[in-house]
Amino acid sequence: MDFVRSPEQAPPIPVKIVVAGGFGVGKTTTVGAISEISPLTTEAVMTTAGVGVDDPGQATGKTTTTVAMDFGCVTIDRSLKLYLFGTPGQSRFGFMWDDLSHGALGALVVVDSSRLDDCYPAVDYFERARIPFVVAVNAFDGKLAHDLDEVRWALAVDERIPVVAFDARNRISVRDALLVLLDRALDDAVQGETAK
């Protein structure tokens with residue numbers, strides 16, 4: 001049976017969210033885990049030309065990389081639909097971040113706690129762009145290399161910015177991280193209005 005919208009029911013509000021972070025932290029997996037459509041990915045096979053340039057980490061079987069963006073969407077409720085834009089993680093594709101972030105309500109910055117050095121550029125980018133963000137620490141193999149307070153300290157993230165653990169493979173876990181981001185963006189919007 002098809003869902004029939006009553007005449008007075010408005011379509012959901014479209015909201016753009018960016019899923020960003022370093023190379024190999026789980027951005028494509030995050031978008032794919034939550035998207036209600038088959039996600040659009042621009043994955044390319046990693047070649048020997050990337051050796052020494054792209055480092056996916058020691059304990060990974062990663063053989064492909066995002067070369068443009070990932071895209072997916074999820075309906076939160078009848079009033080809100082999120083459009084997710086995943087950024088490429090390599091610095092040589094950084095020129096795309098401005099276009100992907102334009103008009104975004106917020107960003108989920110995905111972090112691998114065993115490779116925090118790869119996360120600084122994403123955190124710095126969203127701080128400079130003044131786009132609300134949440135640091136989402138991907139629990140690879142169900143565990144974190146550092147606890148969340150250590151991650152916050154290492155990334156020098158302000159106390160107002162949520163730092164959460166999540167599993168990029170788990171739909172419910174990704175949903176919960178996105179809901180934290182929506183709360184953060186709403187808080188920023190309310191504070192911005194009261195400051196006027």
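Arg130 lies in the loop between helix 3 (120-129) and strand 6. In this predicted model, the phi angle of Arg130 is near 55 degrees, a positive value in a residue other than glycine. Most residues other than glycine have a negative phi. Arg130 is exposed, with a relative accessible area of 77%. A positive phi, of about 55 degrees, is also found at Ala156, which is not a glycine. Ala156 is placed in the loop between helix 4 (148-155) and strand 7. With a relative accessible area of 61%, Ala156 is exposed, because the cut-off for that class is over 50%.

The largest nonpolar core contains 23 residues, and those that touch the most other members are Ile17, Leu82, Leu84, Leu108, Phe166 and Leu178. Two or more residues are given to this core by each of strand 1 (13-21), helix 1 (27-34), strand 4 (80-86), strand 5 (106-112), strand 6 (133-138), strand 7 (163-166) and helix 5 (171-195). Helix 5 supplies the largest share, five residues. Apart from this core lies another, of 22 residues, which includes Ala20, Ala104, Val123 and Ile131. In soluble globular proteins, nonpolar side chains tend to be buried together.

The surroundings of Leu82 were examined in more detail. When neighbours within four places in sequence are left aside, Leu82 is in contact with Val15, Ile17, Gly72, Cys73, Val74, Ile76, Leu178 and Leu182. Strand 4 is mostly covered, with five of its seven residues buried. Strand 4 pairs with strand 1 in the parallel sense, over seven bridges. Within this pairing, Tyr83 of strand 4 is the bridge partner of Lys16. The charged end of Lys16 sits over the ring of Phe85, at 4.8 Å from the ring centre.

Six aromatic pairs were counted. One of them joins Tyr125 and Phe126, whose ring centres are 5.0 Å apart; the planes stand at 85 degrees, so this pair is edge-to-face. Both Tyr125 and Phe126 are buried. Together with Trp97 and Phe133, Tyr125 and Phe126 form one aromatic cluster.

The cysteines were considered next. A disulfide is a covalent bond between the sulfur atoms of two cysteines. The count of disulfides in the model is zero. Cys73, one of the contacts of Leu82, is buried at 4% relative accessibility. Cys119 is likewise buried, at 0% relative accessibility.

Val151 is located in helix 4. The relative accessibility of Val151 is 0%, so this residue counts as buried. Outside the four places on either side in sequence, the contacts of Val151 are Ser113, Leu116, Val137, His146 and Val163. Val151 and Val164 are 13 residues apart along the chain, and their C-alpha atoms are separated by 9.9 Å.

Note on methods. Residues are numbered from 1 along each chain as its sequence is written. This is a predicted model: local features need pLDDT of at least 70, side-chain atom pairs count only at pLDDT 80 or more; totals for chains, interfaces and linings use all residues. Side-chain values use heavy atoms; hydrogens and water are left out. Rings of Phe, Tyr and Trp (its six-membered ring) pair if their centres lie within 6.5 Å; planes under 30 degrees apart count as stacked, over 60 as edge-to-face and the rest as tilted. Buried means under 20% relative accessible area, exposed over 50%, partly exposed in between (1.4 Å probe, protein chains only). A charge sits over a ring if NZ of Lys or CZ of Arg is within 6 Å of the ring centre and within 35 degrees of the ring normal. A nonpolar core is a set of buried Ala, Val, Leu, Ile, Met, Phe, Trp, Tyr and Cys residues joined through side-chain atoms within 4.5 Å. Helices (H or I, at least four residues) and strands (E, at least two) are DSSP runs, numbered from the N terminus. Contact means heavy atoms within 4.5 Å. Two strands pair if DSSP finds at least two bridges between them. A disulfide is a pair of cysteine sulfur atoms within 2.5 Å.
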